[in-house]
Structure formats: C-alpha cells, structure tokens
Amino acid sequence: RDSSFERQAPEADAEELARRHLVQPWPYAGSIGSEARGLIGSGDGIYVTDGEGRRLIDGPAGMWCVNAGHRREELAGVMYEQAMRLSYNTPWYTMNEPSAVLAERIAAHAPGDLSHVFFTTGGSSAVESALRFMQFYNNVRGWPEKKLLLSRGGAYHGSTYLSASLNGRPRDRDWMDVADGLVVKLSSPDPFRRPEGMTVEAFADQLVDEFAETVARIGADKIGAFVGEPVQASGGVIVPPPGYLPRIREICRDNDILYVSDEVVTGFGRLGEIFASQDVFGIDPDIITFAKGVTSGYFPLGGMLVSERLLADLRRSNHPDAMYAHGLTYTSHPVGCAVALANLDLLEGGILDHARAVAPYFQERLKTLEELPLVGEVRGVGLMACVECVADRESNDPLKLDYEVGKRIDAHCHSLGLLVRPLIHMCVMSPPLIISRSQIDDMVAILREGISRTMDDLATEGVWQG
Ligand code: PLP
C-alpha cells in the first residue's frame, strides 16, 4: 500500500499522549484522564507484544474476543476488500449483501425458531436492543405494565444505561446511577458460594424456588424479561448448577416472560459451539445477544437473534404500524458483517473442532493449580476458566489483600510472558481458541510460577500465612 499514507510521527510517546488526552474504560476518579496502561504493540496467533517488545500469551484473548487469534490474513484481507467495495451504506433506506448473508448463516446455528438478526455495534448495544425490543413487544401486545427485568448478582451485561442497570457486581454500581426501578435482582448461581453444607442439587432447587417465588410475588403480568449469561463471565466464570437454566427457561415460558440469553462471551466458539444456549445448556431462548467473538474482535459488531414467534406476533398485532424506533448508524455494517462471515468460515472450518478437542486438556491442566494454597477454586467450561485465589479471611482487610493478589499475580505473569486478566482476586483465562496443547502447558506453567511468586512475596511481607 502507498507509503504516503503513513502517519506522521507523534509529538510524544503513546503513554504520554494517553496521559494527556485519553479517557480509558473503568477509571478511578483519582486517575481519570491521566493514566497510561500497558502498551500492546502487535499481535500474532495467541501472542501479543508489549511496549518493551516482550511476547506474551494473550490469556484473556483481548476481552474474551480474539477467538480466531491475532493477525489472521483471511480476516484482515476481507476487511480491506469489503472497504474497497462498499465501506458503508445507510441501513435506514438501503441494505448490503454481507449483512443478509451473515444473518442467514447465524440463524442456521441458532436454536428453536430464532430466525432473524438485528446487528449492533457490540454487546451493550445488543443487550440494549433486546431490552427495548421487549418493551416494544409488550407495548404493541397491550401489556405496557409488563416491563420489569430479572437479572442476577454477578451479572455483567454492558455499559449503556439500561444494560448496565442489569449488572450485578456491587462495585460496578456503587458510583453510577442505574434504572433500579426497572430491575429485580436474583442470586448469582455460584455453586462455590452456596450455603455451607448444601449440596449443589439443593442449591439449584433453592435458586429455582427463588425465581418462581419472585415471579409469584411481583406477578408475571409485571415482568417482561429475564436476562442471563449461560456462564457469568466477568462475574468470575460462574458455571451454573446442572439443570438450573432449563428450569428457569420453563418458568419463563409458563409465565410469558422473555428469556434473553446473553451469549456475548459464550457465543462463537468459546464453549466449542456457535451458541452455547442449546448445545451446551439445553435451552431455547426467545432472544440471544452476541458480540465479541462474532468478528474475533477485528471489528466492533454485535447483534440480537430474535424468535420468529415474537416477530409474527408483532406483524399480526392490532398495531401493524407501531414503530420499533431503534437503530444505530452502524447497524448491519458491511465491513463488520464481511469479516464476521470470514470469521465464521474459520470457526466452522476447524477452530470449533479444535476448541472442543483441547477444552478438557485446558480445564484439566488449570485444575492442577488448586494444589497451590492461595488458590481456592479453579472452575470453567470450554475455553473459559477462572482461578479464584482466596487470601487469608482472618486478615483485617481481606478485600485489600484480594485486590493486591490479582495485581501481583498479573505483574509476575507479565514478566514471565503471560497476560492475565485479574478480576480482583480472580485470574480469568480465555485464550484464543487456536491455542495448542503445548501452549496450554506454557500458559499454566507461567500462571503457576506467578501465583507461587505472589505467595512467596506475601509470606515474606508477613501479610499472608498460607
Ligand atoms: N454482555 C456480556 C456477557 C459481556 O461480557 C459484555 C462485555 O464484556 C457485554 C455484554 C457488553 O459488551 P460490549 O463491551 O461489547 O458493549
């Protein structure tokens, strides 16, 4: 390509420019707009290279999204070609071919009668679109009171106002306003934190009872939708108890409550399938939201898959002219849809098979870290896992120690060649799906060493006894 298009050299290095001009996600008030984060310069396969030229395994695959791996010629090439053919068209008055073809291909993988796709710019906008769709659907059906949303502790559904109102992690909400009046919170289905002495089966019963009682107490005529991740991802890879999700699905069906399965993380291969709702958990939702892996992170695209039944209800309603007044400039973006098609080719052409084949090994190797006294539990499914560290509960300030634990492990691992995504005291591992067995060995060896060094540091400083 023509070198005259090369950018001029910046006046300062990236860290300095970021400190001066960049607002980054989830900043603290004390450092907002004045912070530099670790620079990543390039990526290739499962690796990224940092500002010092150090090669690191991309443990979280970016943000659970670089499923096909970095630097895929096939994906980059398709984006170039599509941009040269048609870089944009207005979805209000026109349409493009990649979006129609992609909708058909995605629908072919969907459970039940999920036949249509509305494309968005990412996960938050996908969830937001689903929630506004439910509101529209119930308005048109003559149920304007049936709008409450059920979500759970530990949930993460996005950073737009309504999607964020569903979030269940306390620290996400402390300083932010949310539409609390619209949302009812239920317990996180976290078997690790179940009441002491309770079996996992009894815990599942308790969760289902809580759901049924909540519906009975509030009234099904007030509840529009339940929104849930099949596996709570950012909540710490919470794999729900067996059988729990299908039972919730049935309660929703019996009470005319839409079941929205948020597959922003679990979709597009993370659990070895395009969608995990049916293939892994045996549920057929009314709506599935997706993003991230749909383009392997090469383009900001998401969407919601919606049931034919709901669309048919709208078409034959008494209000055929009522408007779903919802759309985004970048709905059905041709470049995003084209790269998603090429990404689907890669997933169907071997990556899904590979992910299914290596997942047991990935889980088994990570599970060995439970031998370390700082590790409370290693859990996961498919190619997503969480190593939850448990610092000394007797200490005066366990949370402070927990915060430090994640950061310290991350720092050690970084120097050893692994990017970790610390969530307080939890290390989430969700590498690109192309990771090989020997690369899994490398990843686990580094994580083991990082945790061991952290234990040594904490013991030396006398803040943790093990
Ligand atoms: N839903 C889930 C389950 C997610 O994990 C995320 C992001 O991590 C979102 C929604 C929001 O997606 P985005 O950040 O693309 O807006």
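These notebook entries record what I looked up in the structure, from the whole chain down to single residues.

**Ground rules**

I am working with a predicted model, in which local features need pLDDT of at least 70 and side-chain atom pairs count only at pLDDT 80 or more, while totals for chains, interfaces and linings use all residues. I number residues from 1 along each chain as its sequence is written.

**The whole chain**

I began with the secondary structure, and the protein chain has 14 helices and 15 strands; helices (H or I, at least four residues) and strands (E, at least two) are DSSP runs, numbered from the N terminus. The radius of gyration of the protein chain is 23 Å, close to the 23 Å from the globule rule for 466 residues, so the chain is as compact as a globular protein of that length. I note that this radius is taken over C-alpha atoms, and that the globule rule is 2.2 Å times the number of residues to the power 0.38. Along the principal axes, the C-alpha atoms fill a box of roughly 70 × 65 × 45 Å.

Of the 466 residues, 46% count as buried, a label given if 20 or more other C-beta atoms lie within 10 Å of a residue's own, with exposed meaning 12 or fewer and partly exposed in between, and C-beta atoms placed from the backbone. I then looked at contacts between residues at least 6 apart in sequence, and 71% of them join residues at least 24 apart; a contact requires C-beta atoms, placed from the backbone, to lie within 7 Å.

**Two domains**

The chain is divided into domain 1 (3-71 + 352-460) and domain 2 (89-332), with bounds that come from an automatic or database domain assignment. Their centres, taken over C-alpha atoms, are separated by 28 Å. The contact between them takes 26 residues from domain 1 and 18 residues from domain 2. On the side of domain 1 that touches domain 2, at least two residues each are supplied by α2 (61-64), α12 (334-367), β11, β12 and β15. The residues of that side divide into 17 nonpolar, five polar and four charged, where Ala, Val, Leu, Ile, Met, Phe, Trp, Tyr, Cys and Pro count as nonpolar, Asp, Glu, Lys and Arg as charged, and the others, Gly among them, as polar.

**The antiparallel sheet**

I followed four strands that form an open sheet in the order β11-β12-β15-β14, with antiparallel pairing; two strands pair if DSSP finds at least two bridges between them. At the edges I find β11 (375-381) and β14 (421-423), each of which pairs on one side only. β11 is joined to β12 (residues 384-389) by six bridges, and Gly380 has Ala385 in β12 as its bridge partner.

**The mixed sheet**

A second open sheet that I traced has four strands in the order β1-β2-β3-β13, with mixed pairing. β1 and β13 (418-419) stand at its edges with a single partner strand each, so one side of each is left without a neighbour in the sheet. β1 (residues 40-44) and β2 (residues 47-50) pair in the antiparallel sense over four bridges, and Ser42 is partnered with Thr49 in β2. Their hairpin has two residues between the strands, and in it Gly45 takes a positive phi near 65°. By contrast, β3 (residues 55-58) and β13 run parallel, joined by two bridges, and Ile57 has Leu418 as its bridge partner in β13.

**Leu433**

I found Leu433 in the loop between β15 (426-429) and α14 (437-460), where Leu433 is buried, with 28 other C-beta atoms within 10 Å. Leaving aside residues up to four places away in sequence, Leu433 touches Asn67, Gly269, Ile351, His354, Ala355 and Leu383. Leu433 and Leu383 are 50 residues apart in sequence, yet 7.0 Å apart in space, C-alpha to C-alpha.

**Two residues with positive phi**

Most residues other than glycine have a negative phi, and I looked for departures from this. Asp256 has a positive phi of about 55° although it is not a glycine. Asp256 is placed in the loop between α9 (244-254) and β8 (258-262), and is partly exposed, with 14 other C-beta atoms within 10 Å. Ser332, also not a glycine, has a positive phi near 60°. Ser332 lies in the loop between α11 (308-315) and α12, and counts as buried, with 25 C-beta neighbours inside 10 Å.

How values were computed. Contact = placed C-beta atoms within 7 Å.
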